[in-house]
Amino acid sequence: MVHVSSRRFVVMRTRLLFCFLLASLWLLASPAFSQEPAPAASATTVATTLAPKKQLQAVRITESIKLDGQLDEAAWQQAPIATNFIQNRPNPGPPEKHATEVRILYDDANLYIGAVMHDISADSILRELTPRDNFGNTDFIGIFLDTYQDKLNGYGFFVTTGGVQMDCRYSPAGGEDFNWNAVWDSRTAIKGTDWIAEMRIPYSAIRFSNQPEQQWGLNFMRQRKKENQAFFWNEVKPAIDGFVNQWGVLQGVRDIKPPLRLSLTPYVSSYVNHNPLNEAGTRRTTTSFNGGADIKWGINESFTLDATLVPDFGQVQSDNQVLNLSPFEVQFNENRQFFTEGTELFNKGNLFYSRRVGATPIGFYDVPDNDTTEIVRNPSETRLLNATKVSGRTSKGLGVGIFNALSNDVYATVRHTETGQEREVLTQPFANYSIVVLDQSLKNNSYVSLINTNVTRAGQTYDANVTGGLVRFANKKNSYAVDGQVVYSRRRGSVFGTDKLIDDRDGYKYSVGLGKISGAFTWTLSHGIESDTYNPNDLGILFGNNKISQELQVRYNKFNPFWKVNNLSTYLGSYYGLLYSPTRYQAANLYGGANTTFTKSFLSAGFNFELYPVTRDYFEPRKEPLGRYFVRRPANAVVGGYISSDYRKKLALDVSTTLVPYAQDDRLARPRRFDIGFGISPRYRVNNKLNFRYSLDWNLSRNQIGYVNGGLDSGEPLDTAVIRALGGDPLLGRDPVDVLLGRRQVVTVSSVVSGAYTFNNRMSLTLRLRHYTSNVRYQDFTHLRPGGEETPIAYARNRANTYNAFNIDAVYSWWFAPGSQVSIVWKNAGTTSLQANEATPLYFDNLSNTINTPHNNSVSVKILYYLDYLALRPRRA
């Protein structure tokens, strides 16, 4: 394919951007973006008009409220009632048939919510017990608070019929974030055909301005799981962009002061670890005792400091280890609570990958391991000294976030094989990680943000800095929006442990988008560039820079029932991508899909497709600089679909499949590529306390063409001839000029069994068992030259490999008091990597070998105790 010259493309790109900006300015100046009153809504525009904002008056009390789920105090009968809820799903718009009544009281320290949910009978009130922050098959009631009324950020507090609590934060960056946890209390009860919830939310759990009279955004949500119905007090229309902007108003809260928010949560933990794979002469069973604390301090009414001193993250869920054949790193989920809760500001712009903090030391893979030196100890994680974050939002809508973490030096221990002398090797120098975020909320669900991330390391290595700006402007009717992002990355210093200057010293990326964001029909148009030297990876994560992308997507949704379905969501889009330097074609595709839920059975189903012409993968060859070498991928189609049954049933099932046929590659006489994937996940609820789930994912890639994992080894006799054929010289230590590719079959199976028994709303036992296996078998090999040219090459070394990973995570958790917890965790982990003739494609052989291989076992006990200054201070007479 003929590529566009760099100069010509720059001209084209400039014209495209100029036209894009002109279109944006025209839309901003059009009546849709004007500040004039909107005309009367027609039948076709009603769905995109905000519902009138309801108002509820809170009542101040002086007498105490006993939290017992009874609502028998006289004050509850005097408070105004929020009722007449409007259905949001499955059919938006109708009023509720079974009334919900919610009242709000307050005093100098707490907000009280009393709710009565009427129903047909007690059997219609579902009440499965689950661990905290899991909804399950149950009814619930929730309250939403926008304490600064910026219509972008808010809090959510929920309680189920069984008394299980859930809480979350709402923000443009984090969406609905249930990782956030607050300390509050609630009680529930069932009386005849009604169920009752009573909640007490201390002011220390939320943030608000120091004004004589508060006016907050307010909404309530009720779920009737029996009919899969959800209702809101102030109507939330799915056709309107945004959620917090559709809440009502809480009035009457006067003369309350933001309290001194100061709490200390000390912890102690103890571990017993048995690793049968430890080196001879070292202890295989070790013990440890740890202590530290989490501190929360309300600096003022708007900002809170969160700090963790000598943190212990040993009880978090094990990572899902996989065999990585791609040129990019594996992104793992963040399971450490300090890095998951209250981080919505720091996630602005997707520049923060929290797993970098406390990650694998940068010199972990450079520790000498050869004929004269063996590794005795090489820590794979960096222990943090502390981590601190300050975040909050002023009454003017300015959000400020400051994050800082410190990690100490990390050393590996190596031993001389002849003398037995041991020495330490520095693998990670003392490092400081920091983030600063400024986020100004504007009218009409708009904002302007500035983010800076920085990593500074001691000693002879390099430092990294990334600065980004984000904007979003929506019109008054919240129907159109323009957004953009500009980021600059800067790295200075030398590669760790060498005098070689770091590469990727300066880089940038930008993106700009325009779209219709509300209504049944919406669309977005976006354009972006990431330079070949853009690198945010020291505190962020990036999968391939050096690209130019354009994308158009249109969506059409039907929110009301028709035919035999409750709703319909569809999308169609196209993408075109180029390499940035040199400017060359990379990929293009046309994609689309749809999903729906059937009215009577509540069976959900969907499908998706992608159509690709011939594409060029410039990253797979692992050759720098990009542009000369690429793996040519034939035209292909991706077709997928899924079915999910009704989760209200005791037995429910999820099934998914993906099929990827490829066109024939006529350049070489080799079989056609083909990929197929299948997933099945049954779940069974024994009763309201016990449930099980099984998940199986199977994927097959036949005749996949890719870089031979592990590369070539000049110490292997069968590799030396190939290295020479590729332009290298094993004797001189000169790497191959060209690349070795292999045609392979890859079979991957992941199996997860999980179960949970919930004793009550504060105590649970969970078990998760995962086995993963991936088999790679090569059929033949080719010599990759510049321009994507491949020719067969003789290579006799067996490069087959099998990777197995096995994990067990068993967790007993007891919240014995608000914010206080005892947890006992058993973790079992083992991995095997089999090469050449030892590799086996048989699943049950791999499972047996994995189970019988010695595993690392760890048992730990951790106790957290929440101490609140307001509860400990002496009370005045």
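**Backbone, sheet, patch and salt bridges**

Asp-255 is exposed, with a relative accessible area of 55%, where exposed stands for over 50%, buried for under 20% and partly exposed for what lies in between (1.4 Å probe, protein chains only). Asp-255 also has a positive phi of about 55 degrees, although it is not a glycine, and it sits in the loop between strand S14 (248-254) and strand S15 (262-274); strands here are DSSP runs (E, at least two residues) and helices likewise (H or I, at least four), numbered from the N terminus. The model is predicted, and for that reason local features need pLDDT of at least 70 and side-chain atom pairs count only at pLDDT 80 or more, whereas totals for chains, interfaces and linings use all residues. Residues are numbered from 1 along each chain as its sequence is written, and side-chain values use heavy atoms, with hydrogens and water left out.

A positive phi of about 55 degrees is also found at Phe-602, again not a glycine, in the loop between S31 and strand S32 (604-612). Phe-602, however, is buried, with a relative accessible area of 14%. The backbone also holds cis peptide bonds: one runs from Ser-581 to Pro-582, with omega near -5 degrees, and Pro-582 lies in the loop between strand S30 (565-579) and strand S31 (584-598). Another runs from Glu-624 to Pro-625, also with omega near -5 degrees, and places Pro-625 in the loop between strand S33 (615-617) and strand S34 (631-633). As background, most residues other than glycine have a negative phi, and most peptide bonds are trans.

Turning to the sheet, five strands form an open arrangement in the order S2-S4-S5-S11-S10, with mixed pairing, two strands being counted as paired if DSSP finds at least two bridges between them. Its edges are strand S2 (59-60) and strand S10 (185-191), each of which pairs on one side only. S2 and strand S4 (residues 100-106) pair in the parallel sense over two bridges, and Arg-60 stands opposite Tyr-106 in S4.

The structure holds 36 salt bridges. In another of them, the side chains of Arg-393 and Asp-439 meet at 2.9 Å, N to O; Arg-393 lies in strand S19 (residues 384-393) and Asp-439 in strand S23 (residues 431-442), so the pair ties together parts that are 46 residues apart in sequence. Both Arg-393 and Asp-439 are buried. Salt bridges that share partners also join Arg-632, Asp-665, Arg-667, Arg-670 and Glu-790 into one network.

Ile-863, found in strand S44, is partly exposed, with a relative accessible area of 36%.

Terms used. Salt bridge = Lys/Arg side-chain N within 4 Å of Asp/Glu carboxyl O.
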